[in-house]
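Subject: A structure for you to explore

Hello,

Here is the structure I promised to pass on.

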Amino acid sequence: MTHKTITLNLKFPHVSTEAPKRDQWQWENVAAGAAAGFTTVAVIHPLDVVRTRFQVNDGRVSHLPIYKNTAHAIFTIARSEGLRGLYAGFLPGVLGSTISLGLYFFFYDKAKQRYARNRDGKLSPGLHLASAAEAGALVSLCTNPVWLVKTRLQLQTPLHQRRPYSGIYDAFRTIMRGEGFSALYRGIVPGLFLVSHGAIKLTAYEELRKVTVDFKSKRSTLHNQNPDNLLNSVDYAVLGATSKLAAILLTYPFQVIRSRLQQRPSGDGVPRYMDTWHVVKETARYEGVRGFYKGITPNLLKNAPASSITFIVYENVLKLLKSARRND
């Protein structure tokens, strides 16, 4: 996606080209984002577990079961590990997603306010991307330890030879004692590269939303109608899923690299992969390009509806909070 294909001249109430007034709707943005994050994780977490297990299985490990496909993986996990296996890492997943979405929209609005100063409140396509990238980088730095713990909990199986973590607290404590604080930031480099995912997704969402609003405005018999009232939950679902798909295909290899880096070290304490470049070399050597897209099927099944759920909840909670404030 080039800058030529992104023509931003938006009328998006919470992430518009016009910088929001200072402190306007900020806590509502955080609350709506947090609610969207919790709901999304609760619905699609089993597919997240399957995706992570596919991502790290390079065919040369013995502590992970071999799954034929997504359906076989879900059935096998449910049969051998039960509901607990399907929801392994659920608590850090909820915490990470809730915190991430809340902080993301907050940092995004803050960045737009800053970039819009001395620009008459208007933002160019480049500044929209910069705002999204800045927000994504800050969120990644804040939440990487949570994602690392989630990944390790999801990879615990009956075949695992090391003492399993009993929960999120035990995982943090064990990692700090045995590997040190720096271990909590394994995978941060590909995590920062994944910032482009959020920038692509949110920019595509805003552009598609603008086109949809303009199209419906022309067909509407009511003039000067509030754009919020032109779109319904189906519109938000389609917009969210479409924007997410574009971002997934472009950035998925970084997810595979991050998951492989965040695996728990073997019994001797030596990580399977030392750094990002080591993952790239080993994956390319033994698996080829296909290795960088392992788990893409459950990822697509997870993320297309996940993005729709996220934006539906976010938009509707935000509307509810705005309406409540106006009525006060």
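Below is what was found in it, starting with the whole chain and then moving to some details.

A word on the background: this is a predicted model, in which local features need pLDDT of at least 70 and side-chain atom pairs count only at pLDDT 80 or more, while totals for chains, interfaces and linings use all residues. Residues are numbered from 1 along each chain as its sequence is written, and side-chain values use heavy atoms, with hydrogens and water left out.

**The whole chain**

The chain has eleven helices and zero strands (helices are DSSP runs of H or I with at least four residues, strands are runs of E with at least two, and both are numbered from the N terminus). Of its 328 residues, 52% are buried, where buried means under 20% relative accessible area, exposed means over 50%, and partly exposed lies in between, with a 1.4 Å probe and protein chains only. The exposed surface comes to about 15800 Å², and carbon and sulfur atoms supply 61% of it (areas come from the Shrake-Rupley method with a 1.4 Å probe).

**Two helix pairs**

Two packed helices are described by the angle between their axes and the distance between the axes. Axes here are lines fitted to C-alpha atoms, for helices over the stretch in contact, and angles run from 0 to 180 degrees between N-to-C directions.

Take α4 (residues 90–116) and α5 (residues 125–154): their axes come within 8 Å and cross at roughly 165 degrees.

Next come α9 (residues 233–261) and α10 (residues 276–286), which pack at about 110 degrees with axes 10 Å apart. That pair is therefore roughly perpendicular. Which residues of α9 meet α10? They are Ile257, Arg260 and Leu261, and their partners in α10 are Thr276, Val279, Val280 and Thr283 (contact means heavy atoms within 4.5 Å).

Asn232 sits in the loop between α8 (195–219) and α9. With a relative accessible area of 39%, Asn232 is partly exposed. The C-alpha atoms of Asn232 and Glu315 are 9.7 Å apart, although 83 residues separate them along the chain.

Enjoy exploring!

Terms used: Parallel < 35°, antiparallel > 145°, perpendicular 65-115°, else oblique.
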